[in-house]
Every structure is written in C-alpha cells, then in structure tokens.
Amino acid sequence: MRYLLTLHMNPTLWATLTDDQKNAVYEGHGAFIELITGSGEMVETKALAEPGETKTVQVKNGVPHTKNGAFVESEAFLCGYYVVDVESEARAVELAGKIPDAEYTAVEVRKVVHEG
C-alpha cells in the first residue's frame, strides 16, 4: 500500500528553532531517506517552494484566473512530501513518526487511492 506523508512548515515556528535544531531536521531527512531507501519503502520525495513562489489557478465561467500564493491562505504551508510503499497503515504511521519535522509540527499520513 502506498501512503503520502506530507510535511508542513510554519515559518513562525521555524524562526524559533536554534541553528542546531534546524540542522538536526535537515540531517534527519538524510537519515530518513537512507532508512526508507534501504528498506525498499521509498517511492519518491519532493521539497516544495514557499507559497510566495506559488501560483493558484481557478477557472470561472471558462476563464482561468491566476493569483500569487497558495490556495489555502494560512501561515503554515505544504513544504514537501514522501511517498512510501509499505505493508500497512501502521507502518506508514511509524515512518511518519521518524520524520524529523514531526518533532515540531504534524506529518499527515494519507493513503494513495489512485495512481495515474
């Protein structure tokens, strides 16, 4: 079963972390990638740009309208994800708890129900 593990960034919270804590998060991702690659559970991972570099498109009356910024207007934003292929939801939850961001913010675990 494949699961999407989403990472969310809160810039205000991030600003309160020490350089050592921030470096531990960065290094923790390297260790996490080694773990899930070694176990054969890694499908893919991506880091995403900040909302300021985002375009949101909505179509109204057949005309696309574009605005700068993320769709959800919130201080916290989707900053990256992992897709893992695991035996069970319990394993996906276990892996989510090993992502260093989980110490400071939530990691969402969502089952992939369709792939194109």
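I began with glutamate 108, which lies in strand 6 (residues 107-111). I am working on a predicted model, where local features need pLDDT of at least 70, side-chain atom pairs count only at pLDDT 80 or more, and totals for chains, interfaces and linings use all residues. Residues are numbered from 1 along each chain as its sequence is written, and side-chain values use heavy atoms, with hydrogens and water left out. For elements I took DSSP runs numbered from the N terminus: helices are H or I of at least four residues, strands are E of at least two.

**Entry 1**

I looked up the exposure of glutamate 108. It is partly exposed, with a relative accessible area of 32%. My classes are buried under 20% relative accessible area, exposed over 50%, and partly exposed in between (1.4 Å probe, protein chains only).

Next I listed contacts, meaning heavy atoms within 4.5 Å. Not counting residues up to four places away in sequence, glutamate 108 touches Leu4, Leu5, Thr6 and His8. I checked the distance to leucine 5.

Leucine 5 has its own list. Neighbours within four places aside, its contacts include Phe32, Tyr82, Leu95, Ile99 and Glu108.

**Entry 2. The core**

Which residues of the largest nonpolar core touch the most other members? I found Leu5, Phe32, Tyr82, Val84, Leu95 and Ile99, out of 19 residues in that core. Strand 1, helix 2, strand 5 and helix 3 each give two or more residues to this core. I used the rule that a nonpolar core is a set of buried Ala, Val, Leu, Ile, Met, Phe, Trp, Tyr and Cys residues joined through side-chain atoms within 4.5 Å.

**Entry 3. Salt bridges**

I counted five salt bridges. The criterion was a side-chain nitrogen of Lys or Arg within 4 Å of a carboxyl oxygen of Asp or Glu.

Glutamate 108 comes up again here. Its side chain meets that of arginine 110 in a salt bridge, 2.8 Å from N to O.

I then turned to arginine 91. It forms a salt bridge with glutamate 41, with the closest N and O atoms 2.8 Å apart. This pair links distant parts of the chain, 50 residues apart: glutamate 41 sits in the loop between helix 2 and strand 2, arginine 91 in helix 3 (residues 89-96). Buried or exposed, I asked of glutamate 41? Glutamate 41 is buried, at 9% relative accessible area. Arginine 91 also counts as buried, at 19%.

Arginine 91 has a salt bridge with glutamate 94 as well, closest N and O atoms 3.1 Å apart. These two are three residues apart in helix 3, so about one helical turn separates them. Glutamate 94 is partly exposed, with 41% relative accessible area.

I also noted a network of salt bridges linking Arg2, Asp85 and Glu115.

**Entry 4. Pockets**

I searched a 1 Å grid over the protein atoms alone: a cavity is a set of points where a 1.4 Å probe fits but cannot get out, a pocket is an open set with protein on both sides within 12 Å along at least five of seven lines, and lining residues have an atom within 4 Å of a point. Points were joined across faces, edges and corners, and volume is the space filled by probe spheres set on them.

The largest pocket has a volume of about 310 Å³. Its lining has 17 residues, with Leu7, His29, Ala47, Cys79 and Asp101 nearest the centre. Strand 1 (2-9), helix 2 (19-38), strand 2 (42-47) and strand 5 (77-85) each supply at least two lining residues. By class, I have eleven nonpolar, three polar and three charged. Here Ala, Val, Leu, Ile, Met, Phe, Trp, Tyr, Cys and Pro are nonpolar, Asp, Glu, Lys and Arg charged, and the others, Gly among them, polar.

The second largest pocket holds about 200 Å³. Among its lining residues are Leu48, Pro51, Phe71 and Phe77. Its lining divides into nine nonpolar, two polar and one charged.

**Entry 5. Cavity**

How many cavities of 30 Å³ or more are there? I count one. The largest cavity has about 70 Å³ of space. Its lining includes His8, Trp14, Asp101 and Tyr104.

**Entry 6. Asparagine 61**

Last, I looked at backbone angles. Asparagine 61 has a positive phi of about 55°, although it is not a glycine. It lies in the loop between strand 3 (55-60) and strand 4 (63-68). Asparagine 61 is exposed, at 83% relative accessible area.
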